[in-house]
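Subject: Structure for you to look at

Hello,

Here is the structure I said I would pass on. Please open it beside this email and follow along as you read.

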Amino acid sequence: MSGGLSGELRPRAAAARRVSIHSHIRGLGLDENGKAIKIADGLVGQEKAREAAGVVVEIVKQGKFSGRGILIAGPPGTGKTALAIAIARELGEDTPFVAINASEIYSVEKKKTEVLMQAFRKAIGVKVREQRTVYEGVVASLKYLRGRSAFYPYPVLAGAEITLETTDDSMKLTLGPEIAEQLISLNVKKGDVIMIDADTGAVRRIGRAKGRARRTFDVDLYRTVEIPSGPVKKRKDVVRVFTLHDIDVSIAAQKAVATSLLGLLASEREIDDEVRRRADETVKKLLDEGKAEIVPGVLFIDDAHILDLEAFSFLSKAMESEFAPLIVLATNRGMTKIRGTDIVSPHGIPRDILDRLLIVTTRPYTRDEIKAIIEIRADEEEIPLSEDALELLADIGVEKSLRYAVQLLEPSRVIAMRKGKTKVEREDVEEASRLFVDVKTSVELAEKYGDLMLR
Ligand SMILES: Nc1ncnc2c1ncn2[C@@H]1O[C@H](COP(=O)(O)OP(=O)(O)O)[C@@H](O)[C@H]1O
Ligand SMILES: [Mg+2]
């Protein structure tokens with residue numbers, strides 16, 4: 001078995017891996033009584049918030065959460081975003097998760113309510129069942145292909161070669177760059193069971209093939225599945241999840257093509273009410289015919305204290321609509337003015353909205369918790385760390401911030417690799433932390449040298 005803490009340092013696979021900083025989170029890590037297991041599903045500590053989130057998930061699953069939302073309040077780096085993602089994972093793997101920062105509503109191109117409406121409709125899934133031609137099997141080999149581009153100086157991802165196996169069949173496929181991208185972002189590895197749509201190229205990671213556990217934390221992190229039987233290429237009943245926004249965009253594009261040649265721009269523009277009405281009608285028809293079902297997702301709005309009254313009133317109406325997603329607001333502010341007013345309110349949120357929110361708080365982590373989170377991240381990014389390096393990163397996490405410590409992993413890996421090492425050691429982390437500063441330090445420096453810097 002290779003990779004992980006027991007593995008070796010090696011150059012990144014052909015394409016730079018883009019693993020999101022939350023990719024290690026698989027769920028809330030609760031036991032059957034809803035109690036948080038200290039370390040589970042990629043989450044560490046923060047037990048009370050996780051248990052509260054578990055209760056919310058239960059209420060949502062019973063269909064009794066409409067008209068309400070939750071607010072996660074806590075200092076930076078205490079897992080507010082992580083918790084929101086865990087809630088979405090817990091609601092089911094097809095559950096849409098949409099994250100925006102409240103500042104995004106003040107865009108130049110679109111009205112505030114349009115930005116919110118689009119985010120809102122992206123957070124509502126429509127599950128459609130249909131017969132498709134797919135390639136399905138366990139990944140027996142996977143190689144990324146690099147190529148040169150006329151427009152970009154570094155090697156770019158040109159595609160991938162993959163061998164898929166079932167208990168009865170084996171097939172080698174050469175894939176284009178779009179599909180290779182998906183394999184990377186889904187973090188597909190040898191031993192994973194995947195399915196590729198023959199027409200659209202959409203990739204789905206189904207789970208880990210039985211008996212081919214991946215890494216230290218595998219056991220509780222990955223769903224294990226049987227190796228499929230029959231041919232690799234086959235017709236199969238598959239479920240696809242679109243969002244209401246996808247449907248809006250496709251209808252807007254059809255309409256635009258009919259009237260002008262600007263169909264391609266449709267998704268960038270504002271979508272008019274008429275288009276949304278047609279999208280809703282299309283969906284209602286599918287629902288009535290039993291061909292589709294609605295999957296309410298999670299709409300996460302970070303830095304919610306930046307929202308203004310217009311945005312809050314939109315949200316309050318939206319929370320009551322027929323197919324509302326779960327709205328999760330997050331903030332690290334206490335008492336503060338509601339944006340655009342002189343009214344001071346808790347978390348900068350108007351009272352009437354606060355009344356409809358269940359509030360969950362997150363607290364700073366202990367050193368042991370920070371250490372465990374860094375260990376999980378290192379494992380996720382496949383960066384072997386010496387015990388000393390891990391201890392130093394834990395100290396850095398305590399003194400500076402968790403996010404900074406997590407961010408030092410990749411530079412430390414590069415520094416260690418340059419020296420031909422198989423593991424990141426303490427000195428590599430030291431060097432990385434000398435080269436890159438944390439946000440607090442960069443602000444202090446900017447203020448100290450304020451006169452010399454552009455304002
Ligand atoms: N309890 C936790 N268990 C595992 N990873 C966590 C936990 N809390 C935070 N993280 C990870 O630490 C980093 C910072 O957390 P984040 O969710 O961005 O904090 P916040 O949103 O409160 O600023 C992210 O990579 C996140 O996934
Ligand atoms: Mg966050």
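A crossing of two helices is called right-handed if the near helix is turned clockwise from the far one by less than a right angle, and left-handed if it is turned anticlockwise. By that definition, α10 passes α11 in a right-handed crossing. Please keep in mind that this is a predicted model.

The whole protein

The protein has 455 residues, and 47% of them are buried. Its secondary structure comes to 15 helices and 17 strands. Of the contacts with a separation of 6 or more, 68% are between residues 24 or more positions apart. The exposed surface comes to about 23,300 Å², and carbon and sulfur atoms supply 53% of that area.

Helices α10 and α11

Back to the pair named above. Helix α10 covers residues 367–380 and helix α11 covers residues 387–399; their axes come within 9 Å and cross at roughly 125°. That angle makes α10 oblique to α11. The contact between α10 and α11 divides into six nonpolar, one polar and six charged residues. On the α10 side the residues are Arg367, Ile370, Lys371, Ile374 and Glu375. They meet residues of α11 that include Glu387, Leu390, Leu393, Ala394 and Val398.

Helix α3 and its two partners

Helix α3 (residues 112–122) packs with helix α7 (residues 273–288) at an angle of about 15°, and the two axes are 14 Å apart. Angles under 35 degrees count as roughly parallel, and α3 and α7 are therefore roughly parallel to each other. Their crossing is left-handed. By class, the contact of α3 with α7 has two nonpolar, one polar and four charged residues. From α3 come Glu114, Met117, Gln118 and Arg121, which meet Arg276, Ala279 and Asp280 in α7.

Helix α3 also meets α8. The axes of α3 and α8 come within 10 Å and cross at roughly 35°, and this crossing is right-handed. Here the contact divides into six nonpolar, one polar and two charged residues. Lys112, Thr113, Leu116, Met117 and Phe120 are the α3 residues, and they meet Glu310, Ala311, Phe314 and Ala318 in α8. Met117 is listed in the contact with α7 and again in the contact with α8.

Ala53 has its place in helix α1 and counts as buried, because its relative accessibility is 1% and the limit for buried is under 20%. Ala53 and Ile87 are 34 residues apart in sequence, yet their C-alpha atoms are 6.6 Å apart in space.

Glu293 lies in strand β12, which runs over residues 292–296. Its relative accessible area is 42%, so Glu293 is partly exposed. Leaving aside neighbours within four places in sequence, Glu293 is in contact with Gly125, Val126, Lys127 and Leu287. Val126 is 167 residues from Glu293 along the chain, and the C-alpha atoms of the two are separated by 5.7 Å.

Thr95 is found in the loop between α2 (80–91) and β4 (97–101). With a relative accessible area of 11%, Thr95 is buried. Beyond its neighbours within four places in sequence, Thr95 is in contact with Ala88, Val295, Pro296, Gly297 and Val298.

The other two are picked out by a backbone angle. Most residues other than glycine have a negative phi. Gln46 is not a glycine, but has a positive phi of about 50°. Where is Gln46 found? Gln46 is in the loop between β2 (43–44) and α1 (47–61). Gln46 is buried, with a relative accessible area of 6%.

Asp303, also not a glycine, has a positive phi of about 55°. Asp303 lies in the loop between β13 (298–302) and α8 (309–319).

When you go through the model, you could begin with the helix pairs and then turn to the single residues.

Regards

Note on methods:
Residues are numbered from 1 along each chain as its sequence is written. Chains are lettered from A and ligands numbered from 1 in the order in which they are written. This is a predicted model: local features need pLDDT of at least 70, side-chain atom pairs count only at pLDDT 80 or more; totals for chains, interfaces and linings use all residues. Side-chain values use heavy atoms; hydrogens and water are left out. Axes are lines fitted to C-alpha atoms, for helices over the stretch in contact, and angles run from 0 to 180 degrees between N-to-C directions. Helices (H or I, at least four residues) and strands (E, at least two) are DSSP runs, numbered from the N terminus. Angles under 35 degrees count as roughly parallel, over 145 as roughly antiparallel, 65 to 115 as roughly perpendicular and the rest as oblique. Contact means heavy atoms within 4.5 Å. Ala, Val, Leu, Ile, Met, Phe, Trp, Tyr, Cys and Pro count as nonpolar, Asp, Glu, Lys and Arg as charged, and the others, Gly among them, as polar. Buried means under 20% relative accessible area, exposed over 50%, partly exposed in between (1.4 Å probe, protein chains only). Accessible areas come from the Shrake-Rupley method with a 1.4 Å probe; for residues, only the protein chains shown count as cover.
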